[in-house]
Amino acid sequence: MSAPALQDAAASPPRAARRIDAALVALILGAVILWFAPVGMGRYGTYVLSLWLVMSIGVMGLNLTLGYAGQTSLAQAAFMGLGAYATAILTTKFGVSWYAAFGISGLLTFAVGLLLGFPALRVRTHYLAFVTLAFSTLVWLVLRNEQWLTGGTFGISNINRPEFFGIKLFGALEFHRFVVVVTLILSLALWWLIRSPWGRAFTALRENPVRAASLGIDTRAYTLLAFAIGSAYGGFAGALYAPLVEFIDPSPFALSQSFSLLLMVVAGGAGYLFGPFIGALLGVVLPEWLRFAGSLYLILFAAIVLALLVVCPQGVSGLAERGWNVLRRKSGGAR
Amino acid sequence: MSSVLEVHDLHKAFGGIKAVNGVSFSVNEGEILGIIGPNGCGKSTLFNCILGQLEPTQGAVKLDGRDVTNMRPSALNRLGVSRTFQLLQVFPELSVRENLILAGQEHQGSMLGRLFGARDAGLSEKAEQMIGFFKLGHLTDAKAGGLSYGQQKLLDAAMAFMAGPRLVLLDEPAGGVNLTMLGDLKERLRAINAEQGATFVVIEHNMDFVMSLCTRVIVLAEGRMLAEGTPAEVRANPAVIEAYLGH
Amino acid sequence: MAEFIAYLIAGIATGAIYALAAIGFTLVWQTSQTINFAQGEFVMLPAVLILLAVKLFGLPLWAGGLIGIAVFLLIFGAGFKLVVVDPMIKHGVLPLAIATMALSIIMKEGAKDGFSAEAQSFPSLVPTDMVNLLGISISLQHLAIIVVAFAAIGLLQWFVGGTKLGRQMQATAQNPTVARILGIPVERMVLLTFLLNAALAVVASLLISPIYLAKFSNGETIGLFAFIAAIVGGFNQVRGALVGGILIGVADSLAAAYISTQYRLAVPLVLLVAIILVKPEGLMGRKEERRV
């Protein structure tokens with residue numbers, strides 16, 4: 001065995017370990033920065049930051065479905081809607097605590113994900129896209145038409161923000177910090193999931209489902225689980241969204257929103273842990289800060305994603321990785 | 001001697017084309033069975049039908065006397081049936097070690113156990129063993145996609161053995177592998193066969209490889225069995241000579 | 001009974017339009033693995049472009065129509081294939097499907113910003129009178145839609161089955177690799193299907209816009225129904241798309257009349273779920289080989 005090869009073998013395990021820790025450190029560091037970020041930002045700025053995190057959770061779930069398991073779901077906004085409405089109805093009409101409503105939202109969307117995914121994935125993978133497309137429309141119809149439950153187009157207002165061990169989180173800053181903590185917990189859970197044998201199986205079924213099956217990986221079960229967990233993240237995002245905006249109506253949960261969420265996954269970089277944050281930044285925060293007219297920005301955003309898909313289907317994260325590799329190679333050559 | 005795998009009158013038609021047309025054979029415990037035949041004689045289709053990748057038009061497949069016809073590939077694998085593919089099939093984005101752990105993890109514990117259990121599913125040691133056994137030691141943490149063709153081929157084979165299978169179906173293991181590595185591969189296969197009593201079915205074009213490795217050989221032509229016997233018998237069979245020379 | 005038949009005919013008419021969109025969708029899917037999630041917008045846009053040409057240049061309707069149609073065929077027939085599909089297909093089916101979603105957003109929001117957020121009336125090519133047939137009053141417009149749509153589909157069937165070019169196209173759709181070996185100019189055939197898809201969308205647009213008006217958001221329902229029609233009928237078949245389209249149109253029309261106007265959309269959705277559960281290859285589809 002040659003010397004460089006030996007050196008390589010000795011050097012790589014710590015390097016791999018360091019990279020994994022880097023993700024963890026970045027998550028925690030990001031949470032600390034976001035905890036303090038809105039100081040002096042004002043109500044609106046703080047609200048936009050919180051909205052960014054909430055949307056990131058929804059995109060994160062879709063990233064699991066699309067980026068890690070290679071499935072298209074066109075109902076992520078509908079799942080957010082289910083979570084948001086479940087939380088709003090449970091807390092305003094039945095006096096359930098937000099924490100219970102949050103858990104119920106996740107369980108409900110997980111269960112619905114299993115129910116939808118099971119028949120769809122039995123057939124062929126593209127069918128999940130069509131089944132979720134139909135489901136998205138159905139949810140929207142119910143939200144709009146069942147006035148007695150959902151308030152129809154008038155929606156549900158006066159959604160209360162939760163308390164945290166007796167501390168009221170009514171203010172923008174307090175609630176923002178609460179959102180930061182919940183986002184951190186959900187991100188850590190996902191980070192851990194992706195590193196588990198399940199995450200390895202998810203990657204395998206995206207890269208080569210036939211080979212994966214020949215190694216005993218139940219591709220159907222894992223695909224279904226990835227989709228259901230991804231959907232549950234949609235439910236969690238919705239459960240945070242409702243108290244954040246304090247008023248919900250059906251429009252943010254329409255099919256076109258599900259399309260936008262998919263574009264955010266792609267823009268940020270499908271299959272990258274931090275992709276969803278970048279995607280939601282581009283898709284939600286930027287237009288708010290730039291005060292862009294809604295539809296004009298949507299056109300611009302969609303065009304950017306289209307261009308990204310041609311140039312670098314791995315999105316902004318992929319571009320960054322490419323750039324980083326080029327830089328490293330250059331500095332390596334100079335050494 | 002008990003037979004591990006039995007194939008009864010297997011047929012597979014694509015539209016009007018009969019790719020496999022009534023093949024029956026059985027494989028005994030500890031045997032290394034070779035399947036040879038000219039291109040397009042239905043070898044790979046036969047494998048895919050046995051392994052649940054394709055639905056046979058007719059016929060049955062039995063594992064230890066139990067009917068496993070049309071069983072899903074993942075379920076079949078968990079019963080101890082493993083395979084390699086004609087074309088290379090490793091997971092390029094995963095490291096060599098991760099590829100091997102992946103190949104074994106579904107045989108460890110339950111679904112939930114895998115979620116909450118150890119990240120390597122307790123397989124690191126076993127993976128290291130395999131890496132050592134297949135002489136990939138210096139590449140443990142390299143991405144599988146960056147390996148040379150021959151190294152990937154060894155990894156591919158190592159993955160098939162990771163879960164300690166009873167029966168392994170190898171689809172052209174020698175294809176595209178250079179001579180030195182070919183000797184290595186043959187030696188590894190023999191060792192696993194001898195030490196673990198694993199049973200092999202090997203599809204191969206490389207005659208020397210088949211004839212020196214296998215204990216028994218089946219010759220397929222146009223979806224049917226043409227001959228069966230020891231390597232020496234098959235080599236001397238006039239029908240086989242004609243089928244090969246005729247092509 | 002008379003009322004029922006009138007609803008039935010209305011359903012067949014809109015169903016025939018969905019069938020046009022579904023056929024285009026299926027053609028493009030077969031030849032280039034493109035799942036076009038912008039298919040609904042493809043049907044929405046031609047009418048909008050025509051009205052835009054009339055408004056911008058002060059043209060008479062026929063001239064605006066010609067310009068609108070030409071622009072549409074150029075951009076969303078040839079351009080779509082060359083600029084979106086070609087560079088993306090090497091990345092796989094999934095990125096391409098997502099690209100069509102981006103395209104659908106651009107088309108929809110573009111129509112809203114560039115044309116109008118309100119629904120605009122679109123002139124009908126035939127009188128909108130009612131005729132009385134055996135005591136049943138039937139809309140002349142519906143009859144005309146049925147005639148035109150079926151003529152278009154018949155023409156397409158004749159082209160695919162009865163001309164050399166059409167047969168080459170079909171061979172390409174069934175197996176591009178074999179077609180290439182046979183010396184068929186596969187690339188040109190794929191381009192042809194994209195042009196045909198755009199042309200079918202134009203016909204559908206001209207037929208549906210007088211009824212539902214020209215509006216940027218029309219594509220959502222049309223697209224959804226076209227996908228459902230393609231799946232219900234059987235993904236791989238022109239005939240399937242036709243049967244699926246008519247079935248969806250009739251179900252929708254009868255549901256609106258007899259069940260609930262609010263939940264009329266739900267009936268085709270239920271049909272979709274039922275088909276996926278019971279006969280996933282579609283009514284006219286062939287069962288596919290299992291791979292995994």
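Three bridges join strand β6 (residues 81-83) of chain B to strand β7 of chain B, and the two run parallel. Strands here are DSSP runs of E with at least two residues, helices are runs of H or I with at least four, and both are numbered from the N terminus. Two strands count as paired if DSSP finds at least two bridges between them. The model is predicted: local features need pLDDT of at least 70, side-chain atom pairs count only at pLDDT 80 or more, and totals for chains, interfaces and linings use all residues. Residues are numbered from 1 along each chain as its sequence is written, while chains are lettered from A and ligands numbered from 1 in the order in which they are written.

Within β7(B), L169(B) is the bridge partner of R83(B). β7(B) also pairs with strand β8 (residues 199-203) of chain B, in the parallel sense, over 5 bridges. There, L170(B) stands opposite V202(B). A buried residue has 20 or more other C-beta atoms within 10 Å of its own; an exposed one has 12 or fewer, a partly exposed one lies in between, and C-beta atoms are placed from the backbone. Both faces of β7(B) are covered. L167(B), L169(B) and D171(B) are buried on one side, V168(B) and L170(B) on the other.

In chain C, an unreviewed UniProt entry lists several transmembrane regions, including residues 6-29, 92-111 and 190-213. UniProt positions follow the numbering used here, feature names are shortened, and annotations may be inferred rather than shown by experiment. Residues 6-29 of chain C are 100% helix and 0% strand, with end C-alpha atoms 34 Å apart. Residues 92-111 of chain C are 95% helix and 0% strand, and their end C-alpha atoms lie 29 Å apart.

Helix α8 of chain C (residues 186-212) has 27 residues. From first C-alpha to last, α8(C) reaches 38 Å, close to the expected 39 Å. The expected span is 1.5 Å times one less than the number of residues. Because 19 of its 27 residues are buried, α8(C) is largely enclosed by the rest of the structure. A kink of about 25 degrees lies at L206(C), shortly before the proline P210(C). This bend is the angle between axes fitted to the seven residues ending there and the seven starting there. L213(C) follows α8(C) and has a positive phi, near 65 degrees.
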